[in-house]
Amino acid sequence: MKHTILIAGLGLIGGSLAKGMTESNQNHVIGYDVNLESLEYAYTNRIIHESAKNFHNAAELADFIILAAPISETIELMKKLNDIPLKENVIVSDTASVKCSIIETAGRLTNKNITFIGGHPMAGSHKKGVQAAKAHLFENAIYVLTPSVNSTPDKVDALKDILRHAKSKFIILNPDEHDEMTGVVSHFPHLIASSLVQQARKWGETHSYLPNLAAGGFRDITRIASSNPKMWQDIFSHNRGKMSQLLGEWINEMHFLKELVDKNDKEDIISYLDTAKTYRDGLGTEEKGVIPAFYDIYVDIRDQAGALASVTQILANENISINNIQILEIREGITGALRLSLSSKEAQRKSLSILQNKGYEIMIQR
């Protein structure tokens, strides 16, 4: 039986889900977005089968509804669904990275035709918008489901079935444990990255050359501070309890670390750093995480005309796409002057092999 699926919100996440679902002739995908340019792009490029400018009318047609908008907007759409005469047994899900607020809202819904199952595909990209949508975006990524009280195992299986083209690894979590874990590994690092940048900005008033020194490793570890501020404010607001707790723990950790530095005990500091290194080195590398991974290679090139063009042309001849290029002025701990950011681990490995065979000295930073 053919399913009618409404995707409300055609950004990177909603667009990627839609793109995978349209590959099945068992699905009819309707797209809705307040941004008419995104809606038109999705329809013109066959990411969706049908475009809808009216959420109410599109929802009435759907067997499944996936809300892929920011958290606050998702909650407003859920409230609208409560008053729409839906088909019987419509399964509604979302893609928000905070689940407690979403599931609390779901618990207040009175529309008997709604079965709500929270969702969070934990993968992303450095690119934004429906133009960056990829059907394989969530492949091997963890996809968290947080069923509400009125959902049943068969409903969860039905949702997994329409999401099977994502090729994700589904896990079931309760909202609170989801928000704690994503708070630790995703939300909180954004706050810390922003605080590091703020500290550097203030010191930049004293040392005007500091931004030049920050072009290397500092820029790498603070990349996520470049994310959309309005989107992250929304996330922090809905997960503010966990953020406050984590900030308190971080402050205590920094007090402890300051004591280690002030004490200047060589063995204690080595032990502290070694414990962190051991844990970090044991983190998963094969699965996609909630923060997009960077597949960089560093290439030693001579300071001469055409050197950069030669490297990029070699990779272009092999149909390897480069996401970003940076010439590093500060190369502490890195043997290459040129950093190339690639879209996947496969592209990284292939580029490494090709350029090494051409005689270039290459390094991959792990």
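1. A cavity, on a 1 Å grid over the protein atoms alone, is a set of points where a 1.4 Å probe fits but cannot get out, and its lining residues have an atom within 4 Å of a point. Grid points are joined across faces, edges and corners, and a volume is the space filled by probe spheres set on the points. This is a predicted model, in which local features need pLDDT of at least 70 and side-chain atom pairs count only at pLDDT 80 or more, while totals for chains, interfaces and linings use all residues. Residues are numbered from 1 along each chain as its sequence is written, and side-chain values use heavy atoms, with hydrogens and water left out.

2. The count is one cavity of 30 Å³ or more. The largest cavity holds about 50 Å³ of space. Its lining consists of Ser16, Leu17, Gly20, Met21, Ala135, Phe138, Ile162, Leu163, His165 and Ala166. Seven of the lining residues are nonpolar, three are polar and none is charged; here Ala, Val, Leu, Ile, Met, Phe, Trp, Tyr, Cys and Pro count as nonpolar, Asp, Glu, Lys and Arg as charged, and the others, Gly among them, as polar.

3. Which helix gives the largest share of the lining of the largest cavity? Helix H1 (residues 12–21) does, with four residues. Helices (H or I, at least four residues) and strands (E, at least two) are DSSP runs, numbered from the N terminus. Eight of the ten residues of H1 are buried, where buried means under 20% relative accessible area, exposed over 50%, and partly exposed in between (1.4 Å probe, protein chains only). The buried residues are Leu12, Gly14, Gly15, Ser16, Leu17, Ala18, Gly20 and Met21. Their cover includes strands E1 (3–8), E2 (27–32), E4 (64–67) and E7 (142–147), and helix H6 (153–162).

4. For the protein overall, there are 14 helices and twelve strands. The C-alpha trace spans about 65 × 55 × 35 Å along its principal axes. Of the 366 residues, 42% are buried. Among contacts (heavy atoms within 4.5 Å) with a separation of 6 or more, 73% join residues 24 or more positions apart.

5. A nonpolar core is a set of buried Ala, Val, Leu, Ile, Met, Phe, Trp, Tyr and Cys residues joined through side-chain atoms within 4.5 Å. The largest has 36 residues, and those with the most contacts inside it are Leu6, Phe55, Ile65, Leu67 and Leu81. Helix H4 (residues 71–81) gives the most to this core, five residues. Apart from it lies another core, of 30 residues, with Ile5, Leu12, Leu17 and Ile162 among them.

6. Valine 92 sits in strand E5 (residues 90–94). Is valine 92 buried or exposed? Valine 92 is buried, at a relative accessible area of 1%. Leaving aside neighbours within four places in sequence, valine 92 is in contact with Ile65, Leu67, Leu81, Ile114, Thr115, Phe116 and Ile117.

7. Two backbone angles deserve a look. Most residues other than glycine have a negative phi. Asparagine 140, in the loop between strand E6 (114–121) and E7, has a positive phi of about 70° and is partly exposed at 37% relative accessibility. Asparagine 264, in the loop between helix H11 (240–263) and helix H12 (266–281), has a positive phi of about 60° and is exposed, with a relative accessible area of 60%.

How values were computed
On a 1 Å grid over the protein atoms alone, a cavity is a set of points where a 1.4 Å probe fits but cannot get out, and a pocket is an open set with protein on both sides within 12 Å along at least five of seven lines; lining residues have an atom within 4 Å of a point.
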